Amino acid sequence: MNWTQVDIFTATPAVELLSVKLQDLGIRGCMVQDAQDFQEFLAQKDGHWDYLEDGLMELAHCETCVTVYLPENAQGAETLHALRAMLTQMRAADTEHQFGRLEAVCSGIREEDWANNWKQYFKPFPVGQKLYVKPSWEALAPEAEGRTVLEIDPASSFGTGQHHTTRLCLELMEGCIVPDQTKLLDLGCGSGILLIGGILLGAASAYGVDIEENAVRIAKENAQKNHLDASKYQLACGDILYDTALRERLGSGYDVITANIVADVLKAMAPLFPQLLKDGGILIVSGIITERAEEVLETITGYDFAVLERREAGGWCAVKLQKIAGMGTACETLRR
């Protein structure tokens, strides 16, 4: 398998936080180049150094950079999109401008080439009992018989359905959709796969939100490829954690919310979930590495949610929860 180097340019105060967030994306290792660390090394080193290589001395003046390696396949492309969305979130939260530019740059391959090269790995497959996920360039196989076809071309956006987090969401959502009744909200819609899947399963309406403009564009294109009734869905770009106008547009009373994001963002969104869901509504969260599942669930259940079902695959966890009545006090506090 080929790998692509991704350099994330940042600043010293962000390195530790960034390392934790990369782990939440399933990236287990990274390399850090930091001028401050090297300068501290020079100041504190024992003994006398007569000579240091020129390349090493350049570290004393380099821009802080965290480097990771992603596979050149569908999962690598999805991870890159999730990484970029995470950096966007960090930039929005960095009100004191301590984290540097927080930009990711790929080395060794153009991103447009990557977006095409990984197509060889994306093959059709069934999900749950009802759906059959396929890219537009693949023909239907006999195993699709009797299933609803969900056609998805994620391009540079997250969500082919192959990643464990997305597949687990689709499986959990399948039993939650009441035909012609369910009102669905997909937070972090990416390619639109969960929103589209929900409507194909019978949802009366769906609203998709993503922090990346490119994701919203691709989600709209994929919705059109699946010939969805345009009156049944809406898409918006924004961050509901900081955009109060967006939260007002979304409204409330949703029957089902899907949020396939990362642990820290799910924890930050926890107070918003009961505000958006109706009593008895279903929340499906995913994108959680198993090591952090208990931590995330402790936060969400603290807002009067009960765990109904938990599924794990490949080191990832997805959970279905239900909103319990009696959230007025918490929601009013949040509004104030």
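Me: Buried means under 20% relative accessible area, exposed over 50%, and partly exposed in between (1.4 Å probe, protein chains only). Why does glutamate 171 count as partly exposed?

Reply: The relative accessibility of glutamate 171 is 24%, so this residue falls in the in-between class. The model is predicted: local features need pLDDT of at least 70, side-chain atom pairs count only at pLDDT 80 or more, and totals for chains, interfaces and linings use all residues. Residues are numbered from 1 along each chain as its sequence is written, and side-chain values use heavy atoms, with hydrogens and water left out.

Me: What makes the contact of glutamate 171 with arginine 311 a salt bridge?

Reply: The term requires a side-chain nitrogen of Lys or Arg within 4 Å of a carboxyl oxygen of Asp or Glu. Glutamate 171 and arginine 311 come to 3.1 Å, N to O, so the pair qualifies. Glutamate 171 belongs to helix α6 (residues 164-174) and arginine 311 to strand β13 (residues 305-313), so parts 140 residues apart in sequence are tied together. Helices (H or I, at least four residues) and strands (E, at least two) are DSSP runs numbered from the N terminus. Arginine 311 has 28% relative accessibility and is therefore also partly exposed.

Me: How do you know that lysine 134 is buried?

Reply: Its relative accessible area is 4%, so lysine 134 is in the buried class. Lysine 134 forms a salt bridge with glutamate 151, the closest N and O atoms being 3.0 Å apart. This pair joins strand β6 (residues 131-134) to strand β7 (residues 148-151), 17 residues apart. Glutamate 151, at 21%, counts as partly exposed.

Me: How many salt bridges does the rule give, and which residues form a network?

Reply: The count is 16. Lys21, Asp24, Asp264, Lys267, Arg292 and Glu295 are linked in a network.

Me: What makes β10 an edge strand?

Reply: The open sheet has seven strands in the order β10-β9-β8-β11-β12-β14-β13, with mixed pairing. β10 (233-237) and β13 each pair on one side only, hence the edge label. Neighbouring strands are turned by 15 degrees against each other on average, direction ignored.

Me: How do you know that β9 and β10 pair?

Reply: Pairing needs at least two DSSP bridges between two strands. Strand β9 (residues 205-210) and β10 run parallel and are joined by five, so they pair. Alanine 206 stands opposite tyrosine 233 in β10.

Me: Why is α6 called roughly parallel to α7?

Reply: Angles under 35 degrees count as roughly parallel, over 145 as roughly antiparallel, 65 to 115 as roughly perpendicular and the rest as oblique. α6 and helix α7 (residues 193-200) pack at about 25 degrees, with axes 10 Å apart. That makes α6 roughly parallel to α7. Axes are lines fitted to C-alpha atoms, for helices over the stretch in contact, and angles run from 0 to 180 degrees between N-to-C directions.

Me: Which residues of α6 and α7 meet?

Reply: Thr166, Cys169, Leu170 and Met173 in α6 meet Ile193, Leu194, Gly197 and Gly198 in α7; contact means heavy atoms within 4.5 Å.
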